[in-house]
Amino acid sequence: DIAFINGRFVPWEDATVPIEDRGFQFGDGVYEVIRTYRGMPFELDAHLRRLDRSAAELQLPSPYRHADWRAWIDAGIEQAGYPEAKIYLQITRGVAPRDHAFPADARPTTVMTIRELHPLPDDTRSRGVKAKTVEDLRWGRCDIKSVNLLPNVLARQDAKRAGVFEAILVKDGWVTEGSVSNVLAVRQGRIVTAPEGPRILSGVTRHVVLELARKEAFPIEERYLSLPDLYAADEVFLTGTTVEVLGVIDIDGRQIGAGVPGAITTRLAAQWAAMTA
Ligand code: PMP
């Protein structure tokens, strides 16, 4: 496994951050997760743009240029030598004596890890997964990919305890997204998904999948789904860097559609597989 701190690759055992790092103490930082296909980072520019945006929204100076990141990521992938890898980038506001307000002179802490990616088994993909709904307890800026993931952590644990794959977050009766994914549904031939905005993370995968859907001439409605509409959907699927396009066949013990990934989900998953092959 590859570790990188503040511009340098370091041995994994030495890859530590001081206890007064604001990422550790306040969750004062942002991150990205990127995966490779055939050894190449997928949609790297989109992820780096989102990292810059998340940092800017927190008034966090982004310490490196995209060209620097690209060079380090390429070097790290090569060094790691995994068939497929997941690349984790994190920037925090740095190390300073504990005080909520920004420190005057801290330098951001920048961390990268590269680890092996274990793809979801094919039969999980073909069968689809179960999900449960969980109240969306997150703050009002879910568009910022911050390291404050406590509500996502609790929701995901709730799903795990229930023996299902994903927690679908519901805010005031409206579906926002998953704990680690975006949620899309198909109703009357139309793909429905929550609009971009402060209630969801603008998923890179969501964006690419909506482009694929437009090419296929599937109508798209960016609006919030109510919980009853989610249960009554013909198809539900998740998108995300690690889940790709993944059919949901059961939510809260209610069967979705025919209980197998639907036609539009299957078509988009096939297009995704073709694009990344
Ligand atoms: N929403 C949340 C809350 C997530 O953590 C993720 C995974 N990063 C996504 C959506 C999907 O985003 P992406 O397609 O960019 O991985």
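The protein chain is assigned domain 1 (2-116) and domain 2 (122-276), with bounds from an automatic or database domain assignment. The model is predicted: local features need pLDDT of at least 70, side-chain atom pairs count only at pLDDT 80 or more, and totals for chains, interfaces and linings use all residues. Residues are numbered from 1 along each chain as its sequence is written.

The C-alpha centres of domain 1 and domain 2 are 26 Å apart. Their contact (C-beta atoms, placed from the backbone, within 7 Å) takes 19 residues from domain 1 and eleven residues from domain 2. On the side of domain 1 that touches domain 2, strand 3 gives the largest share, eight residues.

Strands (E, at least two residues) and helices (H or I, at least four) are DSSP runs numbered from the N terminus, and two strands pair if DSSP finds at least two bridges between them. Strand 3 (residues 29-37) pairs with strand 4 over two bridges, and Thr36 stands opposite Pro41 in strand 4.

Around the ligand there are 14 residues, of which Gly203, Val204, Thr205, Gly240 and Thr241 come nearest; a residue is near a molecule if its C-beta atom, placed from the backbone, lies within 6 Å of it. Helix 6 (204-215) and strand 14 (235-240) each give two or more residues to this shell.

| Class in the ligand shell | Number |
|---|---|
| Nonpolar (Ala, Val, Leu, Ile, Met, Phe, Trp, Tyr, Cys, Pro) | four residues |
| Polar (the others, Gly among them) | eight residues |
| Charged (Asp, Glu, Lys, Arg) | two residues |

Methods:
Contact = placed C-beta atoms within 7 Å.
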